[in-house]
Amino acid sequence: MNYFELAVKSIEIELGLQKLRSKASFSDELKGELVAMYFIEKYRDEGSISPKKLSEEMGVTSAYIANVLNGLEGKGYITREIDKGDRRQIIVQMTKEGKDILQEKKQMFFGKTALLLEKMGEEDAKNYIRIKEKILNIVTENTEELIHFKES
């Protein structure tokens, strides 16, 4: 089996999907405000999340997070306050309006994803999820090797 040829095919497919995602409005939903809101909600049990933690979770720069948070705050979806326990920290919390919008957007996004999985059929959908999870685990366990990979 030629894994290099399979890699080329895999990247070609991913690029094709990326192009289609933008037409189906998936690309905007997988980055930016919706993802930030998702993580803000995810950390609500801890009370809040800091912009630094949000940046780490999303894998983006602090400048990018600042822009996203400015947009969300301008829309009234979040609040930012100085942490009373550590005045050097800022905490981010979702407003009621933000929670409502997030629920609406999640329903729409998860609905689109469920529709795609349904069209794949049960067996293929389960295999797709299993393989994506396997890829995540492999990449997580081999991050350093992948970062420093040099073709010999």
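Here is a short walk through this predicted model, stop by stop.

**Before you start**

Residues are numbered from 1 along each chain as its sequence is written. Local features here need pLDDT of at least 70 and side-chain atom pairs count only at pLDDT 80 or more, while totals for chains, interfaces and linings use all residues, and side-chain values use heavy atoms, with hydrogens and water left out.

**Stop 1: colour by confidence**

Color the protein by pLDDT, the predictor's confidence in each residue from 0 to 100. The mean is 87, and 91% of the residues reach 70 or more. Now select residues 26-29: this is helix α2, with the lowest mean pLDDT among the elements, 53. Where pLDDT is low, the predicted coordinates should not be read in detail. At the other end of the scale is helix α5 (residues 62-74), with the highest mean, 94. Helices (H or I, at least four residues) and strands (E, at least two) are DSSP runs, numbered from the N terminus.

**Stop 2: helix α3**

Next, select residues 33-42. Seven of the 10 residues of helix α3 are buried, so this helix is largely enclosed by the rest of the structure. (Buried means under 20% relative accessible area, using a 1.4 Å probe and protein chains only.) Among the buried ones are Leu34, Phe39 and Glu41.

Zoom in on Glu41, buried at 17% relative accessible area. Which side chain does the side chain of Glu41 make a polar contact with? Show Lys106: the two side chains meet at 2.9 Å.

**Stop 3: Ser55**

Hop to Ser55, in helix α4 (residues 51-58). Ser55 counts as buried, at 12% relative accessibility. Follow its side chain to the backbone oxygen of Val60, 2.8 Å away. Beyond four places in sequence, the contacts of Ser55 are Val60, Thr61, Ser62 and Ile65.

**Stop 4: Ile78**

Select strand β1 (residues 78-82) and pick out Ile78. Is Ile78 buried or exposed? At 2% relative accessibility, Ile78 counts as buried. Not counting residues up to four places away in sequence, Ile78 touches several others, including Ile40, Leu69, Leu72 and Val92.

How values were computed:
Buried means under 20% relative accessible area, exposed over 50%, partly exposed in between (1.4 Å probe, protein chains only). A polar contact is a pair of N or O atoms within 3.5 Å; within protein, one must be able to donate a hydrogen and the other to accept it, and residues adjacent in sequence count only if both atoms are side-chain atoms. Contact means heavy atoms within 4.5 Å.
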